[in-house]
Amino acid sequence: MPDWSKEIHAALERLNLSVAQEASVADELTQHLEDRYDELRREGVDEAEAIRLVRSELGDGRLVAELKGILAPASESISPGNDKRERPFAGLGNDLRYAIRMLRLNPGFAAVAILSLALGIGANTAIFELLDAVLLRTLPVQAPQRLANIEEIHDDRIGSTVARQKNFSFALWQQIQQQQKGFSRTAAWSTERFDLGQGGEARYVDGMWVSGGFFHTLGIQPSTGRLLTESDDYRGCGIRAVVISYPFWQRAFGGRTDAVGSKLSLDGHPFEVVGVTPASFYGLEIGHNFDVAVPLCSEPAIRPEGSWTADTTTWWLDVIARLDDGWTLQKANAQLSSIAPGIFAATLPAGYDAAARKNYLRFSLKAESAATGVSELRAHYADPLRALLAISALVLLLACTNLANLMLARAGARQREIALRLALGASQRRLLRQLLTENILLAMVGATVGLTLAQILGRVLIAFIGNAEDPIFLPLYPDLRVLLFTIGIALLTCLFFGVAPALRAVRVDPGTVMKMNGRGIMAGRQHFLLRRGLIVSQVALSLVLLVAALLFIQTFRNLLTVNAGFRQDGVLVADFDFSPLHIRPSNRAEYKRKLLADVKSTPGVLSAAETTIVPLNGDGWNEFIDIPDRGLSRQLVYFSAVSSGYFQTLQIHMLAGRDLNDGDTATSPHVAIVNEQFAHAYFEDKNPIGKTFEIRQDRGKPNRIYRIVGIVGNTRYRDIHDVPTPLIFVSPYQTDDAGTDSTFVVRSEEDPASLIPSLKNTAARNSPQIVLTFSVLRTSVLQGLTRERLMATLSGVYGTLAAILAMVGVYGIMSYMVIRRSNEMGLRIALGAQRMSVLGIILREATGLVAGGLIAGTAIAIASARSARALLYGINPVDPMTLVVATTALLIIAMAASLLPAIRAASVNPIQVLREE
Amino acid sequence: MKYIGARLFERELKKGSAELLILSLIERRPRHGYEISKLIEQRSEGLLKFNVASFYPLLYRLEKRGFITGRWVEKEGQRRRRYYQLTAQGKKVLKDQRSCWADFVLAINRITEDEHA
């Protein structure tokens, strides 16, 4: 009787069944055929005929065809593979299952690997998510890529620029609206704080001035009620309608539908709420939300005195526009350029002198894509975020090198397994794929955890950047770009930490490995090359991070301790807005003096003074002056108007002459105090007291002449980063109209914030209608340093992390090398080598590697610090001291990390080693 | 022509009824593959006959669909064999198929007898 099972197995092989299933089916069918054969023979059929009949049962290959759809093929086996018939992705599921099993078997390894990847990827994703929100994400409006921001190209503008950097006066906006052709719709807008209260301490909301077509231009539908339209915005509309944002609706009205139709008091004027914007719309400014949108035409009603609408020298509006069908940005720009001369000629400010007119007529217009909105945050944080992204990428790279080392060690431990599988016929490619699957799995799990971490980290960062006075509103969510970024870095990471060790692992000679009992083939010295490379790159990367940390920390420290020329602590800034009292312009100076006297006599106040410009809060005021004595004309100089006691309150050095005093009134000759830098720049350091300068007035009016009566020390003016510039202090009372609000700087011996209640009482005694705003000077200055604080803190954290990672990495690699060479060390000792010389061998090797890393790291650190020059303050990017400190610190860390393995090598017991050998 | 037509008809009938036959034969007790195929041949007096290439795929399909389960059983003095038995689902299917078959045969008979009459 033939062996039927052979024939059946041969037929079944094509089905690629699992071993067990194939055996079971073959067994069953063989039995059947044997039974049939026996039966035929019993019936007297001769052998040849019986065999023919039985064989016909198999149906000429029909069996396999019939079984094909019924029996499931086994997933491909993992180890022995045959390259020729292998499909590229066959057995991937198996690889994955195997990878999961391997990680489960080594929970410690898996935890360390996943955690370090998650931290690295999380840090990167968080910063990228911020970058995405600030720089890349488009506005949540209809077809944002068709939106453009129309801007003014200009040199020095003479007049006031309000509410951050704005582009246009009202007159310019009107001209643009009438004359442009490339845009189907245009709208003007601006930002403004409105006070919700009725006297007392102000309760501000963030508002927008918007022209009637604003919401239509953006293509936004109301969430409830209606949005403002052209019919809401007409000249002389007075106090009428406002639209509120969705978050404000929730916050102030609890989302009630009767909010629409109710009244809302803004700066004391009752507006009717007509509708709510959709929840997704936060305004055009990235990083800031708006609460209320008020029609432009209400501006003169809210600000009856000095309305910006009527003033051609107040730049307070931005213009957003939607490209018309068939127009490109380029074409629209060409049209804007062609109409610009006419527009600027038509809006020429009447007061300008010849030079200013000439300058103004040279201005031009351009349009830029506004798909991603406008943002001051962008200009301020784009570079720091990019730098932080680079820094966190380095940390990730460092984590990768540590992981690569870990993988190498693991590959060493799995050498026998891999050799066995190679010996059984598995191809290198197949094994490589499986090892890489393990790495990809690690990277993907790390990325998932990292993405979750990033959500938390991103919110912490936003809280860090914002503050109570200027909260940052950035909706953070992982959009497609963020997800792709995370997946991308996870794969890159995998490439960095996984490929080299995996390649190394599969390139072994199975015969050699199997023969080496316990000791791996990687013990050979040449195989340490990769590990040596890892030490060098770890030390180099850590040095770069450490240098970055030191530079940013020093920048922050320099700014914290910079001598601004005045004492910042102990000063409260109090703004008293008495416009609701409607005091006549001629009486305002007197009222202000009285208010100042009251503030001075408030309990707890050491000294107080009025000022128009609070130093270091970004405000500025400049004028063109002439100094006929020196033959100088049209010099642009910064000003501040301060009362007597200002220099005393801020403790600014009075170098010569006198302070401004009560004798300096609107009717007395104009006097001024200048700073040292002014004397240096315009009087060649000679005493300028008694000399005069002239401030240019509007065309047709004579220059106003000021006599210098005192010199004070230099102070920083708008920003702590600035160098001291020439500065002139004049009296706020030597004017026809002293304005309707007073800003006081108040010094206290105690916590300046503790003065607030008593100052409120002082204001209330004068009039409960006065609107008050308070801030602590030092706090505001520190808030101006948020960017540097962020850089210092994060780079500090990353620098420390880098140092720790480097230490762990160097220790790990050195320990490994020592263990692998313990035979050699044992032999050396047995042959008479001193233990100290063995110690020396290891330490010398470590020193060589670390030195290599330090040299490479110094070069990279210098190059990268140079590119971050703009983010540094008071320190040279190539600061020798910083480099020395960082290098020394790393050297100590690395040597400390190598010492323990070296001692271990030196204390090897030669007898034991020889016995093992 | 007549000959080929009859063969085709027979094959289609066999195919349509094979499931019902197998399910019926293991209704009372488990049986192994050879036994089932033998019973079909005997009880049909040689009219219905399945070879290995068509019979086992049928069995495995029924098993895959969950109507029957196969299990290797070793009995003393005998070789190890795979026995098939009905599952709960298989019992239900058998019941349905049986009544369906009865209706079908009845209907066919009525029609073909009418023709003869």
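Reply: A salt bridge is a side-chain nitrogen of Lys or Arg within 4 Å of a carboxyl oxygen of Asp or Glu. By this rule the count in this predicted model comes to 47 salt bridges over all chains.

Me: What conventions should be kept in mind for this model?

Reply: Residues are numbered from 1 along each chain as its sequence is written, and chains are lettered from A and ligands numbered from 1 in the order in which they are written. As this is a predicted model, local features need pLDDT of at least 70, side-chain atom pairs count only at pLDDT 80 or more, and totals for chains, interfaces and linings use all residues, while side-chain values use heavy atoms, with hydrogens and water left out.

Me: How is the size of an interface read, and what area do chain A and chain B bury between them?

Reply: The size of an interface is often given as the accessible area lost when the parts come together. Buried area here is the accessible area (1.4 Å probe) that two parts lose on being put together, summed over both. Chain A and chain B bury about 2,100 Å² between them, 50% of it on carbon and sulfur atoms. In chain A, the residues A:Glu28, A:His32 and A:Ile70 lose the most area to chain B, together 31% of what that side buries. In terms of contacts, 23 residues of chain A meet 21 residues of chain B.

Me: How many salt bridges and polar contacts cross this interface?

Reply: The rule finds five salt bridges across the interface of chain A and chain B. One of the salt bridges joins B:Lys38 to A:Glu39, the closest N and O atoms being 2.6 Å apart. A salt bridge also links A:Asp35 with B:Arg81 (2.8 Å, N to O). A:Asp35 lies in helix α2 of chain A and B:Arg81 in strand β3 (residues 81-86) of chain B, so the pair joins two chains.

A polar contact is a pair of N or O atoms within 3.5 Å; within protein, one must be able to donate a hydrogen and the other to accept it, and residues adjacent in sequence count only if both atoms are side-chain atoms. Across the interface there are 14 residue pairs in polar contact, both at pLDDT 80 or more. On the side of chain A that touches chain B, α2 (19-42), α3 (47-57) and α4 (62-68) each supply at least two residues, and α2(A) gives the most, with twelve.

Me: What do the UniProt annotations place on chain B, and what is the span made of?

Reply: UniProt positions are given in the numbering used here, feature names are shortened, and annotations may be inferred rather than shown by experiment. An unreviewed UniProt entry places "domain: Transcription regulator PadR N-terminal" at residues 22-95 of chain B. That span is 49% helix and 19% strand, and its end C-alpha atoms lie 13 Å apart.

How values were computed
Contact means heavy atoms within 4.5 Å. Helices (H or I, at least four residues) and strands (E, at least two) are DSSP runs, numbered from the N terminus.
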